[in-house]
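The following paragraphs are meant to be read with the model open alongside. Please keep the sequence at hand, and follow each residue as it is named.

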Amino acid sequence: MTEPTAPSNDAASARYSAPALEKGLDILEALADSLHGYTLNELAQKVSRSVGEIFRMAVTLERRGFVRVDENDRYTLTLRMFELSHRQQPLKSLVATALPLMRELANRAHQSCHLAMYQQGRVVVIAQVDGPDRWTFGLKVGVTIGLTDTSAGHVLLAFRDEVDRARMLAARVKVEGEQELDPGELFALLGDVRHRGYASMPSQQIKGVRNIAFPILGQANHVIAAINVPHIERIDQKVTPDVDQVCEIVANIAARLSALMGHSSFNELA
């Protein structure tokens, strides 16, 4: 008597497929790659399906708060996926651990600060604290920033190994306004960041802002996130820490947060 054969992987995949779920995931992935969203017709073309096939799924995703439709009938993602990701325990733990130190940083430096992570080709701001003074400059939680033209992106790239860095760059999703860098120039810049231990550069988006970013490292020297201060200089009689002093403060906070995240040999600069 012959033994029954196990179904092939293709057969098993077909047997357990969920077409409605596939449509929903196709829609979410397509919208995630779009800066300005799509009309229903454009979205249908993007996912290689008919409007009739995806209409109910698009309406359901809108009703559940995953997508929104603007006055021009363009579908875009909401922050619902971002909110769900924040329920993950590792991310919740990082933000909960970082926020008290970020508040200390903001008060000591008299500047705002934010924490950013690499996620699927993007750099996403996952926490932000305003500075204590009347004027402050900061980024909203949930926004995406450039991987190749920001200090946070440079830190997240510089402290990865070559294989991870190549994968990150290959998966990069360009954000609106992101400037292109010659690959040779970018790799030289990342080498400088790695050698120095942090990034300090004029903002490529806002005149008068200098971004100062340090890596947050965990176990096995793995970079988890980047903590960044968008430094704005006071020109009145109020005395606040200068750029060098802010670098020392950020270095101290980054070292302490890295230690709390399991890193044991972070090279403190303060």
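The structure holds 12 salt bridges, a salt bridge being a side-chain nitrogen of Lys or Arg within 4 Å of a carboxyl oxygen of Asp or Glu. This is a predicted model, in which local features need pLDDT of at least 70 and side-chain atom pairs count only at pLDDT 80 or more, while totals for chains, interfaces and linings use all residues. Residues are numbered from 1 along each chain as its sequence is written, and side-chain values use heavy atoms, with hydrogens and water left out.

One of these salt bridges pairs Asp 133 with Arg 234, with the closest N and O atoms 3.6 Å apart. The pair links distant parts of the chain, 101 residues apart: Asp 133 sits in the loop between strand S4 (122–129) and strand S5 (144–145), and Arg 234 in the loop between strand S8 (223–232) and helix H10 (243–260). Helices (H or I, at least four residues) and strands (E, at least two) are here DSSP runs, numbered from the N terminus. Asp 133 counts as buried because its relative accessible area is 17%, where buried means under 20% relative accessible area, exposed over 50%, and partly exposed in between (1.4 Å probe, protein chains only).

A second salt bridge joins the side chains of Lys 174 and Glu 180, at 3.4 Å from N to O. Salt bridges that share partners join Arg 172, Lys 174, Glu 178 and Glu 180 into one network, and Lys 174 itself is partly exposed, at 37% relative accessibility. Elsewhere, Glu 53 forms a salt bridge with Arg 49, the closest N and O atoms being 3.9 Å apart; Glu 53 is partly exposed with a relative accessible area of 34%, and Arg 49 is likewise partly exposed, at 24%.

In the loop between helix H3 (40–46) and H4 is Ser 48, which has a positive phi of about 55° although it is not a glycine, and which is exposed at 67% relative accessibility. Asp 73 also has a positive phi, near 60°, in a residue other than glycine; Asp 73 is found in the loop between strand S1 (67–69) and strand S2 (75–77) and is exposed, with a relative accessible area of 53%.

Leaving aside neighbours within four places in sequence, Ser 112 is in contact (heavy atoms within 4.5 Å) with residues including Gln 128, Val 129, Asp 130, Thr 136, Phe 137, Asn 228 and Pro 230.

Helix H9 (residues 183–196) shows how burial can be arranged along an element. At 1.5 Å a residue, the 14 residues of H9 should span 20 Å, and the end C-alpha atoms are 20 Å apart, which agrees; the expected span is 1.5 Å times one less than the number of residues. The buried residues of H9 are Leu 186, Leu 190 and Val 193. They cover an arc of only 60° around the axis, which puts them on the same side of H9, the arc being that of the directions from the helix axis to the C-beta atoms. Helix H7 (151–158), helix H8 (162–170) and strand S6 (199–202) are among the elements that cover these buried residues.

Taken as a whole, the secondary structure of the chain comes to 10 helices and eight strands, and buried residues make up 43% of its 270 residues. Among contacts between residues at least 6 apart in sequence, 57% join residues at least 24 apart. The accessible surface of the chain comes to about 15300 Å², of which 51% belongs to carbon and sulfur atoms; accessible areas come from the Shrake-Rupley method with a 1.4 Å probe, and for residues only the protein chains shown count as cover.
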